[in-house]
Amino acid sequence: MNALREMLTCHWAARRIQRYLDADPSAPLTPDSVARLEAHLTTCEKCSGLLAENRALQRSFSHWSGGAVDQGAVDRLHAFLDDLEDSGR
């Protein structure tokens with residue numbers, strides 16, 4: 001019975017981890033849900049690992065989206081697309 005309860009709790013937690021990390025005001029977790037999730041994360045290696053993975057993804061995406069655009073790469077892409085268009089005519 002405890003294994004089933006733990007499995008259901010993990011399922012519940014996994015569905016809320018992203019909302020927990022985002023802290024999106026349009027989809028907030030209730031204070032009780034936050035407390036329940038944080039308590040579960042302190043005891044569950046699987047869910048705390050999922051939380052760590054999601055945090056790493058957020059960091060990666062935040063660095064990725066803020067990078068400078070390589071204008072040379074953009075120009076080469078435009079030239080390639082122009083060549084494709086010209087060869088199709």
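A crossing of two helices is left-handed if the near helix is turned anticlockwise from the far one by less than a right angle, and right-handed if clockwise.

## Model and conventions

This is a predicted model, in which local features need pLDDT of at least 70 and side-chain atom pairs count only at pLDDT 80 or more, while totals for chains, interfaces and linings use all residues. Residues are numbered from 1 along each chain as its sequence is written, and side-chain values use heavy atoms, with hydrogens and water left out.

## Helices α1 and α3

Helix α1 covers residues 2–14 and helix α3 residues 31–43; helices are DSSP runs (H or I, at least four residues) numbered from the N terminus. Their axes come within 10 Å and cross at roughly 120°. Axes here are lines fitted to C-alpha atoms, for helices over the stretch in contact, and angles run from 0 to 180 degrees between N-to-C directions. α1 is therefore oblique to α3, since angles under 35 degrees count as roughly parallel, over 145 as roughly antiparallel, 65 to 115 as roughly perpendicular and the rest as oblique. The crossing of α1 with α3 is left-handed.

On the α1 side, Glu6, Thr9, Cys10, Trp12 and Ala13 meet Ser33, Arg36, Leu37 and His40 of α3, contact meaning heavy atoms within 4.5 Å. By class, the residues of this contact are four nonpolar, three polar and two charged (Ala, Val, Leu, Ile, Met, Phe, Trp, Tyr, Cys and Pro count as nonpolar, Asp, Glu, Lys and Arg as charged, and the others, Gly among them, as polar).

## Nonpolar core

A nonpolar core is a set of buried Ala, Val, Leu, Ile, Met, Phe, Trp, Tyr and Cys residues joined through side-chain atoms within 4.5 Å; buried means under 20% relative accessible area, exposed over 50%, and partly exposed in between (1.4 Å probe, protein chains only). The largest such core has 11 residues, including Trp12, Ile17, Leu29, Leu37 and Leu51. Two or more residues each come from α1, α2 (17–22), α3 and α4 (45–65), and α1 gives the largest share, three residues.

Beyond its neighbours within four places in sequence, Leu37 is in contact with Trp12, Ala13, Arg16, Ile17, Tyr20 and Leu29.

## Two loop residues

Cys44 sits in the loop between α3 and α4 and is buried at 7% relative accessibility. Its C-alpha is 8.0 Å from that of Cys10, 34 residues away in sequence. Outside four places in sequence, Cys44 is in contact with Glu6 and Cys10.

Ala23 is in the loop between α2 and α3 and is exposed, at 60% relative accessible area. Most residues other than glycine have a negative phi. Ala23 is not a glycine, yet has a positive phi of about 50°.
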